[in-house]
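I opened a new page for this structure today. Here is what I looked up, in the order I looked.

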Amino acid sequence: MKSSVMGSLEFQFPQLGFLQNLSKPHPRCSSMVTCGLRGGPRKPLWRKSVLSSETIQVVHSLKLAKSSTSRLEQVFSGRLSRLLKADLLDTLAELHRQNELDLALKVFQFVRKEEWYQPDLPLYCDMILLLGKNKLIDMAEEFFSELKKEGLQPNTRAFAEMIGAYIRVDMIEKAMETYELMKASGCAPDRLTFMILIRNLEKAGKEELAAMVKKECVEYVDSPERFLEEVEQHQKRKLFNLA
């Protein structure tokens, strides 16, 4: 029996269907995450600077097999299933880095079925970031909704990744709605959130909204005047490089 959480994602992403029988789904559990970045966001514990040889081999095998469902299933039921937890999560992180979206989605589903898996907010944030980069806003929204169904609470980074995803598809209104929801949820916008909003609101000609966000950053950012100068300098450098 699949959990309702797994069923929801599998319904949305039918291309992942061959994974359904590879392993048993994990029991549902709850985890709460505190909002705000005063102490800095918790970094994923599973990322390493050097990949193991097993991880490198599995990533290579997945990429070679991705055009064939049967070959891909063999990799999942063979090499991938034998990986240690850290190597499996490193495999997912490396697929993110290489922007192997379809493979990352499949491995993400596989990870969620492992017995040791517990809902992990940074993992969801990374998936939302990846989907946003590929302008798959509907799937990004689904992941954002799904993390809450798994008992997680969106933190500043989760909201920021959704704001970035909306910006990439020119959904300014939705980006601003998410910004307001972030604040209403008790999560403090960070420098990255403000930089994303200010740069893109000005780029879209939304000067009044940009001015409002600049004014609000005083409440959340240390040395706001210096921060706004950095944003302006970044914009100038970007324009110079495009010239």
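**Entry 1: the overall fold**

Reading from the N terminus, I found the elements of the protein chain to run α-α-α-α-α-α-α-α-α-α-α-α. My count came to 12 helices and 0 strands, where helices (H or I, at least four residues) and strands (E, at least two) are DSSP runs numbered from the N terminus. I noted that this is a predicted model, where local features need pLDDT of at least 70, side-chain atom pairs count only at pLDDT 80 or more, and totals for chains, interfaces and linings use all residues. Residues are numbered from 1 along each chain as its sequence is written, and side-chain values use heavy atoms, with hydrogens and water left out.

Next I checked burial: of the 243 residues of the protein chain, 48% count as buried. Buried means under 20% relative accessible area, exposed over 50%, and partly exposed in between (1.4 Å probe, protein chains only). I also looked up contacts (heavy atoms within 4.5 Å). Among those with a separation of 6 or more in the protein chain, 69% come from residues 24 or more positions apart.

In the model, residues 120-154 are 74% helix and 0% strand, with end C-alpha atoms 11 Å apart. For residues 155-189 I found 74% helix and 0% strand, and the end C-alpha atoms lie 10 Å apart.

**Entry 2: two helices side by side**

How do helix 5 and helix 6 cross? The axes of helix 5 (residues 101-112) and helix 6 come within 11 Å and cross at roughly 160°. Axes here are lines fitted to C-alpha atoms, for helices over the stretch in contact, and angles run from 0 to 180 degrees between N-to-C directions. That makes helix 5 roughly antiparallel to helix 6, since angles under 35 degrees count as roughly parallel, over 145 as roughly antiparallel, 65 to 115 as roughly perpendicular and the rest as oblique. From helix 5, the contact is made by Leu101, Ala104, Leu105, Phe108, Val111 and Arg112. Helix 6 brings Leu123, Tyr124, Met127, Leu130 and Leu131.

**Entry 3: salt bridges**

I found 11 salt bridges in the structure, each a side-chain nitrogen of Lys or Arg within 4 Å of a carboxyl oxygen of Asp or Glu. I wrote down three of them.

Asp126 and Arg157 meet through their side chains, at 2.5 Å from N to O. Asp126 lies in helix 6 (residues 121-133) and Arg157 in helix 8 (residues 156-168), so this pair ties together parts that are 31 residues apart in sequence. Asp126 is buried at 2% relative accessible area, and Arg157 is partly exposed at 21%. I also saw that Asp126, Arg157 and Glu161 are linked in a network of salt bridges.

Glu230 and Arg191 have their closest N and O atoms 2.7 Å apart. The pair links helix 12 (residues 224-242) with helix 10 (residues 191-203), 39 residues apart. Glu230 is partly exposed at 31%, as is Arg191 at 38%.

My last pair was Glu202 and Lys214, at 2.7 Å from N to O. Glu202 sits in helix 10 and Lys214 in helix 11 (residues 207-220), so the bridge ties together parts 12 residues apart in sequence.
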